[in-house]
Amino acid sequence: MKNKDTILKYLSDMMLPDEKKAFEKKLSGDHELAEEFELLNNKLGRIKENANVKFDNRYFASNLVNIKDKAYARKRRNTKVYSYAFSSAAAVIIMVVLFFQGEKQGDFFDSIELGQELYSAITNTDSSELDYILKKDMFSNYSYYGDLTADLTIDFSNAELNGALETNYNLPYNYNYEILDDVSNEKIDELYNEILETKIL
Amino acid sequence: MIFEREKILIEEFLAGSELAFNELARKYQPVIYAHCRRMLGNHMDADEVTQEVLIVLYNKLNTFQFKSSLSTWIYRVTTTRSLNFIKKKSLRKFLFLDDDEARVLHSGDDVANDYENKTRLENLDKVLQKIPVKQREVFILRHFEELTYEEISEITGKSTGGLKANYFHALKKVTELMEDEK
């Protein structure tokens, strides 16, 4: 079959318009080409015939039921998965928010509580109480105390406060307030910074 | 007129009518199956992909935007799923996970209801499975479904020039195979 490629090119619509016209003209006059063309067309027609199969409609009817079952199941599964994922994500977010909120609130209320305690001790000139509070907080949780003093903007290097503490409360010298009286301002700064740095964030 | 009817059916289905979906499925199920069967070459695989395509149709019809005809959209889904199936199958074969013998045994559960139809299907499967996948895809859509190159291009996303070349090679291969059969 010497014209096979040309015929297939024509059938595949790969020819340019002029080429196509020339081929059609040749086809009507060239007996050999026309015969080859018919032969190839018959072959292709046969395979098309094979594709013309009658299907059993019962298969499709039963298949439709299966498909709907599967589609429902998939939808339900997807909905379940999405709802689980959404609930878990929401729970995690709420827990994280509550955790941080709780931590902040705890610190905040603790600060307020201790601050109020301290303030009331200073204003009521109750030296033993002040002594107790300072001692308790200085020794048990001094980093926290450092944080508190920062919150209350109490500066240990403040000579006025030192004087007030000494005069009003007649504090014994051997307590931790010796820091305020005997140590230089630079040392106080150093200690203060140390306290602040010791705080565990 | 046909498109109008389909549009109405789609809208009815999206509004909750199962009957509308049944009508669409009844119309397209044989088309989908035939395309899958020609692409995949046996009943079991074609059945699996047909079900998959119809499930997609059921679940994703709300995403259909009427930019093309429904049949084009369905052909696109069917072609993509069939190609994916072929890729997965090749991979399974490569990893020795695919049991081809079992599939051949089960191919007796066929959709052809008589001997003549069954033989025709088997002959067609034999020929088509010998053509490379890309050429097969175009050959099926052009030769059996009689779609234009523009329509095929819309379905496959390939240029018409490339499609023509693939179709040419497919025709060449098919005619050669039919000569061998003689």
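Here are some questions and answers about chain B in a predicted model.

Visitor: What makes residues of chain B count as in contact with chain A, and how many are there?
Guide: The cut-off is 7 Å between C-beta atoms placed from the backbone. By that rule, 31 residues of chain B are in contact with 28 residues of chain A.

Visitor: Which helix gives the largest share of the side of chain B that touches chain A?
Guide: That is α9(B), with eight residues. Helices α2, α3, α6, α7 and α9 of chain B each supply at least two.

Visitor: How do the residues of that side divide into nonpolar, polar and charged?
Guide: On the side of chain B that touches chain A, 18 are nonpolar, nine are polar and four are charged.

Visitor: What makes the residues of α2(B) and α4(B) a contact?
Guide: Their C-beta atoms must lie within 7 Å. Y28(B), I32(B) and H35(B) are among those from α2(B), and I74(B), Y75(B) and T78(B) are among those from α4(B). The contact divides into nine nonpolar residues, three polar and no charged.

Visitor: How do the axes of these two helices cross?
Guide: The axes of α2(B) and α4(B) come within 10 Å and cross at roughly 30 degrees.

Visitor: Why is the crossing of α2(B) and α4(B) called right-handed?
Guide: Right-handed means that the near helix is turned clockwise from the far one by less than a right angle. α2(B) passes α4(B) that way, so the crossing is right-handed.

Visitor: Where does α2(B) have a kink?
Guide: The kink lies at Y28(B), shortly before the proline P30(B).

Key:
Residues numbered from 1 in each chain as written. Chains lettered and ligands numbered in written order. Predicted model: local features only at pLDDT ≥ 70, side-chain atom pairs only at ≥ 80, totals over all residues. Contact = placed C-beta atoms within 7 Å. Helix = DSSP H or I, 4+ residues; strand = E, 2+ residues; numbered from the N terminus. Nonpolar A, V, L, I, M, F, W, Y, C, P; charged D, E, K, R; others polar. Axes fitted to C-alpha atoms, helices over the stretch in contact; angles between N-to-C directions. Bend = angle between axes of the 7 residues up to and from the residue.
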